[in-house]
Amino acid sequence: MARILTGIQSSGVPHLGNLLGAIIPAIELSKDPKNESLFFIADMHSLTTVRDANLLKENTYATAAAWLAFGFNTDNNLFYRQSDIPEVCELMWYLNCISPYPMLANAHSFKDKASKLHNVNAGLFTYPVLMAADILLYDAELVPVGKDQKQHLEMTRDIAGAFNHTYGETLIEPESHIDERVMIIPGTDGQKMSKSYNNFINIFLPDKKLRKQIMGIQTDSTQMEDPKETTNCNVFRLYKLLASDEQTAEMETNYKGGNYGYGHAKQALYELIIDKYTTERTRFNELMDSKELIEKELQKGAEKARIIARGVLDRVRTKMGY
Ligand code: ADP
Ligand code: TRP
């Protein structure tokens, strides 16, 4: 049995890229009865960039609602909010004191953010130590993440190794699980779909607003009557990711045949999303309308998570002489 753990920041409503690239594959992994999954909402990491308390809260609920709407089983696994288990901050302090300054100063995600942001806070600098604490506090063995998180995982292993070297075997050095094949979902402009590029599709929007986002997908200026290329078409690329082989083949034929405009293709994509995700969209909106249900799930998860966290923290404190 492997204990799998991963976190997702609550910096917005999860978009189609987050769902297809992270949430759905993680839920699939959690269905293997040999695994125990701990998925959490990294709302303390979000604090490095989000300043609005209400927005932070709302985004946390939206992120939780997306996991629940897509069927994450919270009875067999653990689903919790990072800030509900403040023990993570205590562990972070211990880890801060054994993390070499140059390691943090050289982290590319820090250098990248520091060069772009107006205000560089200390939280951005120690972000990887909080992430290490997230992982080590729960004795996680496997951490599925995107390629961009690879260096953070290496730091977690280094920090655990340094702790064990100093105090004797205490913390589990986790393996990362980076699926190199995980596709990058394109946004409405063809670049990687991302909250920061404002090119995302939010499938949870009401029908009309969702349709508007889809109608905004950028296409070339090939006329309605003319045959069209599928390879670089943003509409087709998204359609193919969601459609069955038959549906994809049908759209390909329409593109090649002419008299099929991008408006038709966008309408087909819109209908496909509505059809494919009927249950999840309804469930998401029901949950967002009764946040006490989300809260109940998160509290249930926090109770289970706290027991593991306290056990590990006791082990750490004893080793450190407290
Ligand atoms: P964003 O770029 O929208 O801020 P995050 O960096 O918060 O997204 O990513 C959250 C998770 O979703 C990560 O595991 C990331 O790998 C995945 N993800 C984000 N955008 C995409 C995308 N366009 N395609 C595939 N996976 C994505
Ligand atoms: N830093 C991760 C991201 O931006 C989110 C995260 C926080 C995380 N703590 C974690 C991921 C622990 C895996 C394990 O995507």
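Trainee: How far is a nitrogen atom of ligand 2 from an N or O atom in the side chain of Tyr127?
Mentor: Let's call a pair of N or O atoms within 3.5 Å a polar contact. Between a nitrogen atom of ligand 2 and the side chain of Tyr127, the N or O pair is separated by 2.8 Å.

Trainee: Before we go on, what kind of model is this?
Mentor: Residues are numbered from 1 along each chain as written, while chains are lettered from A and ligands numbered from 1 in the order written. Side-chain values use heavy atoms, without hydrogens or water, local features need pLDDT of at least 70, side-chain atom pairs need pLDDT 80 or more, totals for chains, interfaces and linings use all residues, and the model is predicted.

Trainee: How much of the accessible area of ligand 2 does the protein cover?
Mentor: Accessible area comes from the Shrake-Rupley method with a 1.4 Å probe. On its own, ligand 2 has 370 Å², and the protein covers 88%.

Trainee: Which helix gives the most to the shell around ligand 1?
Mentor: The shell holds residues with a heavy atom within 4 Å of the ligand, and there are 13 of them here. Helices are DSSP runs (H or I) of at least four residues, numbered from the N terminus. Four of the shell residues come from residues 16–30, which is helix α1.

Trainee: How much space lies in the second largest pocket?
Mentor: A pocket is an open set of points on a 1 Å grid over the protein atoms, where a 1.4 Å probe fits, with protein on both sides within 12 Å along at least five of seven lines; lining residues have an atom within 4 Å of a point. Volume is the space filled by probe spheres set on the points. Among the lining residues are Leu68, Phe72 and Arg283. The space comes to about 150 Å³.

Technical notes. Polar contact = N/O pair within 3.5 Å; in protein donor to acceptor, adjacent residues only side chain to side chain. Helix = DSSP H or I, 4+ residues; strand = E, 2+ residues; numbered from the N terminus.
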